[in-house]
Amino acid sequence: MFPLALDPIVFTIGSLPVHWYGLILGFGALAGLFLVIREGKRFGIPQEFFMDMLLLGFPSAIIGARIYYVAFTWSDYKDNPMDVFKIWNGGIAIYGALIGAIICAFFYFRYKGYPFWRVVDICAPGLLAGQAIGRWGNFINQEAYGGPVEESFLRDKLNLPDFIVNQMYIGDAFHHPTFLYESLWSLLGIAVLMVLRRQKFMRAGELFLSYFIWYSIGRFFIEPLRTDSLAFDGSTGVEALINGLWAPMRWLGFEQGYLDPSYGNVRISQLLSLLIIVAAIALIIIRRVSGQSRAHYSDPIISSKAAATDSLPEGKGTAPHINPQGSNNKVEQPAGEDKKE
């Protein structure tokens, strides 16, 4: 009825297959790095700092994403533990990736002497860029899709091109392109964060927390459309609260995707999104009230280690010692010149 689904393998090197999924994730990471380096130049942070950050953070994110996913679906892997390492078959979770990347960033920034909240603010739009592009890896793999829809919904209402519509024909039905919804939400989020970071009221850490709020809002409403959600058995009160907050989507004509009862009745990512939104807003308020976020986004960013090096006397560090005005230190006069009082 339709052309074959896109081949997830780009080419092979000997017996080693190279998957679109990995290439797309790599391209997303590079796109995010470009945005971060460009903004970092405004603060005088060398691009090598961010390149090293990516080399450490990218594998940390992949490991965290895989551990998170496997932890909640261990029953699918316990009989074939080697499948845990086959990430090219899908099965990574974005919240796990964020946990892995943040842990790595905390220690890396500490090692380099940069303030954590200031640098993660710079990284926020780059994270959304990586997610916006990375979701197309799910498109290639035909995963992370939503419940069944009519073909007319994709072609006439969403006006999607043929290559997307055809790829969304999975099994015996068309499905919601939830990868596309999340990708577009992330792209819009980049524009929002870029506007926010130019506002004078933004304090240290608030752009990064705004990233979490923005992404989690989108994830909260998109997640129930999917058919592969991780879930757990929650109380009827929690289930009713989440379903009540999701009600506007029903008013717009959307229906929730199938949720395997053996997994549970509450989608983990949806509940986590709600908790993150509340926690991020609370953290912004607490940091402002307690005075922990005195610095503004536009304030200079200085590495404590670089500042310590610059304060060393001449000959002990990389920067020459300059006597400030008003200093009592004597300054040698060039030969042949009279001393002026």
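Visitor: Why does Asn159 count as exposed?

Guide: This is a predicted model, and in it Asn159 has 57% relative accessibility. The cut-off for exposed is over 50%, so Asn159 counts as exposed.

Visitor: Where is Asn159 found?

Guide: Asn159 sits in the loop between α5 (151-157) and α6 (162-167).

Visitor: What makes the phi of Asn159 worth a remark?

Guide: Most residues other than glycine have a negative phi. Asn159 is not a glycine, yet its phi is positive, about 55°. Ala144, also not a glycine, has a positive phi of about 55°.

Visitor: Does Ala144 count as buried or exposed?

Guide: Ala144 has 6% relative accessibility. Buried means under 20%, so Ala144 counts as buried. Its place is the loop between α4 (116-141) and β3 (148-149).

Visitor: Which residues does Arg135 touch, leaving aside its neighbours within four places in sequence?

Guide: Ala144 is one of them; the others are Ile94, Phe179, Glu182, Ser183, Tyr215, Arg219 and Arg226. Arg135 itself belongs to helix α4.

Visitor: Why is Arg135 called buried?

Guide: The relative accessible area of Arg135 is 12%. The limit for buried is under 20%, so the label applies to Arg135.

Visitor: What makes Ser186 a buried residue?

Guide: Ser186 has 0% relative accessibility, and the term covers values under 20%; Ser186 therefore counts as buried. It is part of helix α7 (residues 178-196). Beyond its neighbours within four places in sequence, Ser186 is in contact with Leu128, Gln131, Ala132 and Tyr215. Tyr215 is also among the contacts of Arg135.

Visitor: Which residues are in contact with Ile170, its neighbours within four places in sequence aside?

Guide: They are Gln142, Tyr145 and His175. Tyr145 is 25 residues away from Ile170 along the chain, and their C-alpha atoms are separated by 9.2 Å.

Visitor: Why is helix α9 described as roughly perpendicular to α11?

Guide: The axes of α9 (residues 236-245) and α11 (residues 268-290) cross at roughly 75° and come within 11 Å. Angles of 65 to 115 degrees count as roughly perpendicular, so α9 is roughly perpendicular to α11.

Visitor: Which residues make that contact, and how do they divide by class?

Guide: From α9 come Val238, Leu241, Ile242 and Leu245; from α11 come Gln270, Leu271 and Leu274. By class, the contact has 6 nonpolar, 1 polar and no charged residues. Val, Leu and Ile count as nonpolar.

Visitor: How many helices and strands does the protein chain have, and what share of its residues counts as buried?

Guide: The protein chain has 12 helices and 7 strands. Of its 341 residues, 43% count as buried. The chain exposes about 19300 Å², with carbon and sulfur atoms supplying 63% of that area.

Visitor: Among contacts between residues at least 6 apart in sequence, what percentage joins residues at least 24 apart?

Guide: In the protein chain, 77% of those contacts do.

Visitor: Where does pLDDT stay under 50?

Guide: Over residues 317-341, for which the model has 12 contacts beyond four places in sequence. Where pLDDT is low, the predicted coordinates should not be read in detail. For the protein chain, the mean pLDDT is 87, and 87% of its residues reach 70 or more.

Key: Residues numbered from 1 in each chain as written. Predicted model: local features only at pLDDT ≥ 70, side-chain atom pairs only at ≥ 80, totals over all residues. Heavy atoms only, no water. pLDDT = per-residue confidence, 0-100. Contact = heavy atoms within 4.5 Å. Axes fitted to C-alpha atoms, helices over the stretch in contact; angles between N-to-C directions. Helix = DSSP H or I, 4+ residues; strand = E, 2+ residues; numbered from the N terminus. Parallel < 35°, antiparallel > 145°, perpendicular 65-115°, else oblique. Buried < 20%, exposed > 50% of the residue type's maximum accessible area, 1.4 Å probe, protein only. Areas by Shrake-Rupley, 256 points an atom, 1.4 Å probe, with all protein chains shown as cover.
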